[in-house]
Amino acid sequence: MSADARLTGWLAAARAVRGAGPWRAALRRLVADRAALAAALFLLCVATGSLAAPFLPLASPQVMQLGEPRPPRLVPLGDHGWAHRVTLEFELEEALRSREMLARTEQTLVALARRACGAQARVFRRGQREETHGLALVLPYRRDLDPARGSELAARLAQHLAAETVDGKLHLRGGGDVAVRLVGASATDGYGTTSRFDAWLLARRQACFGFWQLGPLLGTDAKGRDLLARLVFGSRISLAVALAGAFVSLFVGVVYGAVSGYAGGKLDERMMRFVDVLYSIPFLFVVIFVITLLDAWQAELAGLGIGRMTAFFLVLGLVTWLTMARVVRGEVRALRQREFVEAARVLGASHARILAVHILPHLLGLVAVYLTLTLPSVMLYEAFLSFLGLGVRAPDVSWGLLAADALEAISPLSITWWLVLGPALFLGSTLLALNVLGDGLRDALDPRLGPAGGAR
Amino acid sequence: MSSTWRERLRHGLLLMLALPFVLALVALGRRARLERADVAFANGGEVTSLDPQVVTGQAEGRVMNALYEGLTVKHPETLAPLPGMAESWEFAEDGLTWTFRLRDARWSNGDTLDSADFLWSWRRLLEPETAAAGAYHLFCVQGARAYAEGAHDPARREALWSAVGLAAPDARTLVVTLARPTPWFLALTSYHALFPLHRASLEHFQQRFPARWESEWMQPGHLVTNGPFKLRERRVNDRLRLVKNPEYWDAANVALRTLDVLALEHVHTALNLYLAGEVDWIDRVPPALVEELLARPDFRPAPYLASYFYRVNVTRPPCDDVRVRRALALAIDRHALTTKVLKKGERPSWSLTPEGLAGYARPELAHARDAAPEAAFAADCAEARALLAAAGYGPERPFPPLELHYNTSETHRDVAEVLADGWRRTLGIEVVLANQEWKAYLDAQVHLRYDVSRSSWIGDYADPQNFLEVFLSDGDNNRTGFGNAEYDRRVAEAAAARDPVRRLALLSEAEALLLAELPILPIYSYVSQNLVNPRLGGFFANVQDEHPPKFWHWKERPR
Amino acid sequence: MSLFAVHDLAVEFPTAAGVVRAVDGLSFTLEAGETLALVGESGSGKSQSVLALLGLLAAPGRVVAGRAFFEEKNLLRLPERELAALRGRRLAVVFQDPLAALHPLLTLERQLTEHLCWHRRDTRAAARAAAAAALAEVGLEPPERFLAAYPHELSGGQRQRALIAMALLLEPAVLFADEPTTALDVRVQAQVLTLLKELQRRRGTALVFVTHDLGLLPGFADRVQVLYAGRTVEEGPVEAVLARPLHPYTRGLFASLPRLDGPLAFPLPSIPGAPPPPLARPSGCAFHPRCALARAECRTRVPELEEVRGAPRRRSACFAWPELLAEVTH
Amino acid sequence: MTRFLVRRALWFLLTVWLVVSVSFVLMRAVRGGPFSGERALAPAIEARLAERYHLDWPLWKQYLQYVGPFDWSEHGTGFLGGDGTRPFGGLLALDLGPSFRYRDFTVNDILAQSLPISATLGALALLVALALGVPAGIFSAVKRGSTLDLLVRLAATIGIALPNFVVAGLLLVFFVFQLGLLPPAGWGGLRHLVLPAFVLGLPYAAYVARLVRSGMLEVLSSDFVRTARAKGLPERIVLVRHALRAAILPLVTYLGPATAGILTGSLVVEKIFAIPGTGSHFVNSALNRDYTLAMGVTLVYTVLVYTLNLAVDLAHALLDPRLAPEEGA
């Protein structure tokens, strides 16, 4: 074997060790850390549930039933009045008094709706007393019945109705004529969805669960809205805000910190002083300002596609990257002195390559840990703003808003305990999982802490 | 490197760390704890000023009523005028000339208070330099408006002043000539804009501190007042400590020695303090706890001269169509809102003016009536749908999304959510809820950048005029784009009318017009929400929710 | 009665994947003034033995068997308080990496005096004087300057000298030196060893010298014990062992030393293969997969460490020692 | 060292200038003026008020007046002139101007009254954070894997995870209304500060505990702690003098942001417990469009936070001899 060939062999072996060793080991340690694994799985569930919220058989987070807040009840899946629906309201002839006529009218209209819309309609509401002459049909949610097209649907129905009425009277099955007029059509999916993805999920839900939904497992709030549904739908905003904060902190913070730490010298000094300057600005003030600005200019900004949420993301990103930049910079400065970086430099690698190939991978652990710390703080920030009344807007809902509502539910006169329990449970367990995962990641990526990491 | 400096500094570091704690303890020590006042009450936020002529707002009014006194004071229960600085008054046949006989009163520093003080104070109220928000209250006086508007011209100032219908024939007499009959003028004299100010002290501080005289003048010890109490201590955002004013003419009948006015923004905090017995009266309660509170004897909401309604922007589609406005107004389930959400006994309202205006035939927006509110509402909804259809909205032409503005507050959020939900369900209208902070909300309202905007009006005095003049075409507070010549004419005629019956009839006609045009969607009449220590005597529920502390006393000795 | 006697020391580390026996049946005795070298590759258990004897094993490591007698006490059974009272005073240790072993945030003065103040109840001034003298003795002069210095301000050799001064300040009976020169360059290495030897001679301290470098031993250590995979494979006087290794492993180690007295081989001969992973030790003699002399019984039976007949004070744990002895004698 | 401080002072001035300018622009960009209200002011009166507070001037003029090198007000004397008693006006003379909303107060008055209160609360909260967090972190690290460790970690996580206003609500009900131990709100004696300081400090205590724990874990397995043990020092000294000394460095770095967080975060606690600190002005002044107060509060906080961060850098450099102060970031 020539010396060259042997050298190549050694290098290959060395590369194999580098490529597989630390990361596979870290992963193994992480998996061995049962708590961290459970936390990761839990977070995965939360994220999936949040993303797929419209698919879950939940009550509507928005539709109200005025009255008392109701405590949790263990109600299984059932037909509790499905809130995601298209409602068609008819006005019936005043003379229509007998139950029998009403029943036949309902039958006829259900059949008509089926022909018109191709969906299985059912009677949703009739006048509370018999002499009230109204009738509402409800169609199950289908993808082609999305709310934006509710009126289109009604138009189709109106056409069919017009085609089958003579002199304004509809001929009923089994005899008799009744004057029927379509007075309204409204479509709601119960939370004002706009995205096609959600509409698709709703349609899937309809296919899987039909009219069934879960009862108030976590109770309802003072306006009779299902707390569980609000928490699940609220997770979408809370998680989105958290992820956005993490994302900005990841990209801006890591790149800024890495460049500053790697460059060193004057540039580093200036870049870090700039971070100091930003650090000194009380960011709450900026947040309040941006939000007041947004309130004042909302029409104009909405035209640009900027809503309160976007502003949240922007501002939270502004706040969160600073710490990350500092931490990363410190680590890069330490790494820069290390032998393998020296070696790469001697071998003539470019700065960009050294940063990307030799330094950034070493930051992963640190960055992962800091991210798991950033996420909770961003979520709490959102809660904090909700408390000040500057958080998300009704009817949108977030965990922070629900937590702020929870404070309202605590008083020496009465504690509506389930309004505290729900948000505390969701916020607490998610942040707990994040922290446990962060600890697990740190232990896994830092083998020095030894194998006991798996024993906890 | 030499490490000696480092060592030395490191020892200093511990000191540096300890320093804030030491400072904290010093700060704590300096703030000697205040004794519990005889009575303490929660007063919303910090009052903006102690100058009765520039402040507006209920919280400020309460403090002014304790510190100052006008010609008359209000009876704590009936609100009828009682003698204050004036011991008696009479008015001429024409109802325009009022003669007040002042009593022998003194300022808190012992100076005598005479009719010249009133003349000077009222002139200051009108002067542009004062920039007093409440100056218009005096416009009912002959020549006052002209003076206020012309006084920036130094050349004309004195001439204009001499034309103002105010005169002080002697030190104890004040003669006021009104421009037009003003039934509420006597009530106005108990309003804080018309309180007297101590000229000597004010001018003294203005001269000594030309730039920041206000902050000097208002300091405890500097401020000279004429009311039942005087200022002892003031901590921003914490409290005003008032003590009994021994120079006050009726000091013998003022029971409280000390009175604390607490600036409590957070309603839960106020409630906690009340429940812990540290505060004797709070003026708002958390909406979520109304039911628990109603079970208590110390919470008795009472009708209040204030209306809750939504303004509608009549200048932009879709609400430029009166049919749409009427549909929106009808499709509000006021009964469900007041009984299931607000729960304090608020009265559903189909009018701008609240209940309880004596002699006034209050018109209502035409709506279905039925013993069963559900049935009436169903009928209203049917009409609303028909109206929308008539306006051209229907299956073929969906109603555009409606922007509903409200300012940040739990109650406003509740009402807006319920109404939006109702409109969505009954009319199929998609409502965009725009929660805004106060100033942005106001700005959008003033500049008509909204479709529907939450509003309310609290009566300054018990007269429909006060509510109806808001919606005059050129009214500063109109904010809807509404303008109706017929309406303006009726309100103006009423203002000039000498016959009270005719006046009220004209106003009633005007309101009927307003309710046909509907630049507003009436929702409900307020109730007061006072939670008061039942042993606090001299505190009565009344329609203006005014509770002058002069009359307060403990029914039995406090613990 | 020896000054220090260890019998059958065994140390285990429970891990998620299984129990690792890091030290298995280590025994040695030590007389006053004597130097014993423990030699082995990393992972052979030499450092863990030292830590175990001093009660400094890091969690989750634990001593599972053995006795260690010093001044008539069994160190392995001693309560932590009493053991701590011996540590630093009667038993001292110098660790491998002098930068890591010194507290980075404390001056040398603090680090050199605190145990004096604790063990001997010295006053600050007395401790400081003693520390200064000790620094001077290890060649760090002027001592005042070094007392005020922080570890990062010193060179590697200076740090190691400081550590040695620290260890010897209380005149311990036994000094454990755990690869004290590994982190240093060769010239400094020699200086430090000379210093160590000199100080040992002057004080009559017994020295346990842990190293992986056989080349340091001639003239420095009296006896040597070679460890492989936690077990002693060979033991004897340094000169004798180096002259005639009686275990194939020792022989391999010795062969891989560059020799100045012969032709330079490139690459240096090395022992084929790598030390076994601690969790997958081969059956029988742990060295057999790498051994040229391996035979059937090596796979099944663990060779005992036994006296070598014909070579005084020597022991070997190889079935083939008679052949090795014969081969060398040839 | 001097060079370092001088350079920092220059950056400090730059920071302050930046914050003043940005907040000035932001403040004026927001819709809604300081004098709007439920009842509109008569236009003439509004104009008068604007005139009094110089809102009728062009923005650049208002800005220069606020910062202070020029003074065009009726009492001023023009370039580099205050009201005749001082060489400068405005910010340069540390005069933050009159409050627009609270006409009886200058911004200086308000800050002088409220800042010591916030500082007291903050100092106590920091004390709570350290007094709870440091021992908990040490115990949890030393007894790693024990039930105690688990409990501490759980408590720390909950402390971080629950918004502190919810914690405040629960503590209020329990300590004030169930046990009757403490007053529900207000400002007066130390009793009034127990709950607020606790609530404010709790999340930071949790964070401190985590930091100390991980720092201790890292340090406890380090060679120098082994050296200390090898010297026969008792465990107590090893832990405190050797391990904690090194483990505390990240904590010192964290103290800067933590103190800033406590100071600005105090507004929720101040609101719930009716403490008349600066926190409530923080939000309200912006919402009320009280231009000067909002800017004054921002400025003061900026100065505080900058100073704190600088102090932390210095402390870090002092505690860690490996860092020259020039690198003390």
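This is a predicted model: local features need pLDDT of at least 70, side-chain atom pairs count only at pLDDT 80 or more; totals for chains, interfaces and linings use all residues.
Biologist: OK, now chain D against chain A. How many residues does each give?
Modeller: Chain D gives 39 residues and chain A gives 42 residues.

Biologist: Which elements of chain D touch chain A with two or more residues?
Modeller: Helices of chain D: α1 (2-29), α5 (147-161), α6 (164-178), α10 (249-272), α11 (279-287) and α12 (291-319). The largest share comes from α1(D), with 7 residues.

Biologist: How does that side of chain D divide by class?
Modeller: Into 28 nonpolar, 10 polar and 1 charged.

Biologist: Let's pick one residue in chain A. Where is A383(A)?
Modeller: In helix α12 of chain A, which covers residues 351-387.

Biologist: Is A383(A) buried or exposed, and why?
Modeller: A383(A) is buried, because 28 other C-beta atoms lie within 10 Å. The cut-off for buried is 20 or more.

Biologist: What does A383(A) touch, leaving out residues up to four places away in sequence?
Modeller: W399(A), G400(A), A403(A) and A404(A), plus P163(D) from chain D.

Biologist: How far is A383(A) from S238(A)?
Modeller: In sequence, 145 residues. In space, 8.8 Å from C-alpha to C-alpha.

Biologist: Switching to chain C. Which way do β1(C) and β4(C) run, and how many bridges join them?
Modeller: Strand β1 (residues 4-15) and strand β4 (residues 62-70) of chain C run antiparallel, joined by 7 bridges. One pair of bridge partners is H7(C) and R67(C), the latter in β4(C).

Biologist: What about β4(C) and β5(C)?
Modeller: Those run antiparallel too, with 2 bridges, and β5(C) covers residues 73-74. F69(C) has N74(C) as its bridge partner in β5(C).

Biologist: What do β4(C) and β5(C) form?
Modeller: A hairpin, with 2 residues between the strands. In the turn, E71(C) has a positive phi of about 50 degrees.

Biologist: Last one, back to chain B. What are its domains?
Modeller: Domain 1 is 3-66 + 222-298, domain 2 is 70-194 and domain 3 is 303-527. The C-alpha centres of domain 1 and domain 3 of chain B lie 38 Å apart.

Notes. Residues are numbered from 1 along each chain as its sequence is written. Chains are lettered from A and ligands numbered from 1 in the order in which they are written. Two strands pair if DSSP finds at least two bridges between them. Helices (H or I, at least four residues) and strands (E, at least two) are DSSP runs, numbered from the N terminus. Domain bounds come from an automatic or database domain assignment. Two residues are in contact if their C-beta atoms, placed from the backbone, lie within 7 Å. Ala, Val, Leu, Ile, Met, Phe, Trp, Tyr, Cys and Pro count as nonpolar, Asp, Glu, Lys and Arg as charged, and the others, Gly among them, as polar. A residue is buried if 20 or more other C-beta atoms lie within 10 Å of its own, exposed if 12 or fewer, and partly exposed in between; C-beta atoms are placed from the backbone.
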